[in-house]
Amino acid sequence: MVKLKENEEFSEEESKTVEFKAHDRLGFTQMTVREIDERLFQPSSRTICAFLNINRTCDLYLGIKDDGTVIGHHMFRPQMEHFKQALDLLLEEKFDPPVDKYRYAVNFIEVEAANRHVVHSDTPGLTIKQKHKLLEQPNVCWCEREITDHKRNKKYPPLYIIHVKINKWDAFKDSQGFKVWPYFTTEEGKCYKRYNASNHELTQGQVIEETKIDLQLNSVL
């Protein structure tokens with residue numbers, strides 16, 4: 001795979017199964033009051049829900065602008081672990097029904113930073129500090145402060161795109177006994193489905209009708 005470079009254009013485009021987001025906020029609990037009140041952006045939970053509900057293999061890339069420009073996120077190992085913990089918490093405890101582990105995966109794609117010195121070693125003792133992460137609060141965590149300190153000293157952590165892959169439902173792997181794939185709701189209690197390259201909120205009646213259509217299209221009835 002060709003290494004990605006900051007400010008260059010990503011090789012894919014947004015579609016029914018591909019979404020770009022510049023930010024790394026998974027859910028509303030990670031957003032500040034200002035971000036919510038001013039509607040600066042939508043959390044990624046809505047896109048993840050919409051992807052799950054079309055039951056296809058989908059890709060969410062965090063660190064890419066809507067126009068496809070690669071910007072990435074500066075991350076050391078703790079930021080990566082915190083992101084994975086936050087995603088597990090969101091999907092396994094906040095979504096309804098809970099999302100099985102096999103339905104999603106995360107990897108971090110390194111990006112070549114433009115005109116900045118990058119350091120690849122983080123601070124010793126991070127494994128112990130890691131336990132103090134408060135995933136439910138938007139307050140700046142100790143690891144984010146360390147990232148800020150590094151930047152202040154012009155020593156930047158490596159740059160990554162966060163890739164969240166959503167996998168199709170598998171009856172043999174399903175842990176909850178569903179006979180067909182379920183429709184999920186987010187931490188807001190709302191249901192979304194992907195149409196073209198956009199997320200659309202569904203009413204309860206629409207979920208019933210969409211389920212009937214999905215069953216017919218897949219010859220389950």
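The model is predicted, so local features need pLDDT of at least 70 and side-chain atom pairs count only at pLDDT 80 or more, while totals for chains, interfaces and linings use all residues. Residues are numbered from 1 along each chain as its sequence is written, and side-chain values use heavy atoms, with hydrogens and water left out.

**Two buried residues**

Buried here means under 20% relative accessible area, with exposed over 50% and partly exposed in between (1.4 Å probe, protein chains only). Helices (H or I, at least four residues) and strands (E, at least two) are DSSP runs, numbered from the N terminus.

| Residue | Element | Relative accessible area |
|---|---|---|
| Asp59 | strand E3 (residues 58–62) | 10% |
| Arg46 | helix H2 | 16% |

The side chain of Asp59 forms a polar contact with the side chain of His163 at 2.7 Å. Such a contact is a pair of N or O atoms within 3.5 Å; within protein, one must be able to donate a hydrogen and the other to accept it, and residues adjacent in sequence count only if both atoms are side-chain atoms.

For plain contacts, the cut-off is heavy atoms within 4.5 Å. Leaving aside residues up to four places away in sequence, Arg46 is in contact with Phe28, Thr186, Glu188, Lys190, Tyr192 and Asn199. One of these, Tyr192, is 146 residues from Arg46 in sequence, yet their C-alpha atoms are 6.5 Å apart.

**The nonpolar cores**

A nonpolar core is a set of buried Ala, Val, Leu, Ile, Met, Phe, Trp, Tyr and Cys residues joined through side-chain atoms within 4.5 Å. The largest one has 27 residues, and Ile48, Leu91, Phe95 and Ile166 have the most contacts inside it. At least two residues each come from helix H2 (44–52), E3, helix H3 (77–94), strand E5 (104–112) and strand E6 (159–166). H3 gives the largest share of this core, six residues. Apart from it lies another core of 12 residues, including Leu4, Phe10, Val111 and Ala113.

Beyond four places in sequence, Ile48 touches Leu26, Leu60, Leu87, Leu91, Phe95 and Ile166.

**A lining to look at**

The second largest cavity is lined by residues including Pro98, Tyr102, Trp169 and Phe184. A cavity is a set of points, on a 1 Å grid over the protein atoms alone, where a 1.4 Å probe fits but cannot get out, and lining residues have an atom within 4 Å of a point.

Definitions and conventions: 1 Å grid on protein atoms, 1.4 Å probe; cavity = no way out; pocket = protein on both sides within 12 Å on 5 of 7 lines; lining within 4 Å.
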